[in-house]
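Morning, everyone. I'd like to walk you through one structure today. Let's bring it up.

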Amino acid sequence: MTQTTTTDNPYLLLTPGPLSTSRTVREAMMRDWCTWDRDYNELVQSTRQKLVGLATTQTDDYTSVLMQGSGSFCVEAVISSVIPKAGKLLVLTNGAYGDRIVQMAQVHGIHTTVIDFGELAQVEARAVEQTLAADGAITHVAVVHSETTTGMLNPIAEIGAAVKKYGKVYILDAMSSFGGIPLDVAELSIDFLISSANKCIQGVPGFGFVIAKTSELHKCAGVARTLSLDLYDQWKTMEEQNGKWRYTSPTHVVRAFYQALLELEQEGGVAKRYERYKQNQAILSEGMERLGLRVLLPKESQSPFITSFYYPEVESFSFAELYERLKQAGFVIYPGKISQANTFRIGNIGEVYPADMERLLTAVEANRFWL
Ligand SMILES: *Cc1c(COP(=O)(O)O)cnc(C)c1O
């Protein structure tokens, strides 16, 4: 099947999100909804149920909460709603998104300790275990699954085992991975998993969601440090009022997201989508290396979602020029975000297929102005 993206966009987004979406997802937004009408609330409930089904086979023990805003709003909703005053958060970081969790905790005055592994190393479960053994005050542990800064995957199963050995609450920012890689929150002992509409589920931006272990969420009543981002209160309202959001909800975005969930099912579920992303990423990284562009990360820690490439080490290279040329050719790529090396990034998630990756490689080959 040589499927490529429909051409009603001027260029394909090869970014960490928002992504190129299908025409049918965008078309789903072409009507208006009443936020308290049953039609809309049933859509919300069905969406919440489908999300739990994507996250685990043990659906009775988990629930989901939708929250207005971009993904970071949802991360902040969790960080500011689940750690009680007497609690202490351990953040494991190896990039900008882990650092953002630390920043959030600081804003909310949460007692926090950080292990920074550096941008080029994976989080190490052994270090987590040592820290938990040494500091009994820690109650919660947070980590990013796929660190979009570099494209690195962290070992969430090993980390989860350490977190559970010490009986702590496990918070996972799975923003850029959920729906694009098989995982089960129950098997991984995850208590709060955070993601958003515009990443691997391939919806449009406007809200995020949390998959929560229901028994842990129950403990969060009255804990929140903000009103709007109170995760427990948002959940309680959705539960008790059958899919009602507390404040104005992004109705069109929710309808588009529901369509995106149906399209994920049509594709064959998360396992099939993972295969496509892996194939996209393999074509991209192997093809770029053939063209003389080196990949930043070793294969073992490279995610199937976004890849960092070193700048060619010649003065004639300029990222701005490569960006403009590829944009003219129909592809938007992304700047790098790390401090230790000059890199740029190319994402391969969204309505993007192996044939699109081949077309990109042809465009890069035709635009190697630095040679
Ligand atoms: C996209 C992303 C977020 C959220 O970013 P927003 O710009 O707020 O949507 C958080 N964590 C990771 C790892 C991400 O990739």
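A term to begin with: a salt bridge is a side-chain nitrogen of Lys or Arg within 4 Å of a carboxyl oxygen of Asp or Glu. By that rule, the structure holds 17 salt bridges. Keep in mind that this is a predicted model.

Let's take a few of those pairs. Start in helix 8, with Asp233. Its side chain meets that of Arg246 in a salt bridge, 3.6 Å from N to O. The two sit in distant parts of the chain, 13 residues apart: Asp233 in helix 8, Arg246 in the loop between helix 8 and helix 9. Arg246 has 12%, and under 20% means buried, so Arg246 is buried.

Glu240 and Lys236 form a salt bridge at 4.0 Å, N to O. Both lie in helix 8, 4 residues apart, about one turn of the helix. Why does that spacing work? An α-helix has 3.6 residues a turn, so residues three or four places apart point the same way. Glu240 is exposed, at 56% relative accessible area. Lys236 is partly exposed, at 30%.

Lys278 bridges to Glu275, with the closest N and O atoms 3.8 Å apart. They lie 3 residues apart in helix 10, residues 270-290. Both are partly exposed: Lys278 at 35%, Glu275 at 42%. There is also a network: salt bridges with shared partners join Glu267, Arg273 and Arg276.

Back to helix 8, residues 231-240. Which of its residues are buried? Leu231, Tyr232, Gln234, Trp235, Thr237 and Met238. They pack against several elements, including helix 2, strand 2, helix 3 and strand 10. At the start, a side-chain oxygen of Asp230 comes to within 3.1 Å of the backbone nitrogen of Tyr232. Just after the helix, Asn242 has a positive phi of about 50°.

The largest nonpolar core has 60 residues. Among those with the most contacts inside it are Leu92, Phe178 and Phe207. Helix 9, residues 251-267, gives the largest share of this core, 8 residues. Where does the core lie? Domain 1 and domain 2 both give residues to it, so it lies between them. Zoom in on Leu92. Its contacts include Ile115, Phe117, Val123 and Ile159. Apart from this core lies another, of 32 residues, with Tyr97 and Ile194 among them.

Conventions:
Residues are numbered from 1 along each chain as its sequence is written. This is a predicted model: local features need pLDDT of at least 70, side-chain atom pairs count only at pLDDT 80 or more; totals for chains, interfaces and linings use all residues. Side-chain values use heavy atoms; hydrogens and water are left out. A nonpolar core is a set of buried Ala, Val, Leu, Ile, Met, Phe, Trp, Tyr and Cys residues joined through side-chain atoms within 4.5 Å. Buried means under 20% relative accessible area, exposed over 50%, partly exposed in between (1.4 Å probe, protein chains only). Domain bounds come from an automatic or database domain assignment. Contact means heavy atoms within 4.5 Å. A polar contact is a pair of N or O atoms within 3.5 Å; within protein, one must be able to donate a hydrogen and the other to accept it, and residues adjacent in sequence count only if both atoms are side-chain atoms.
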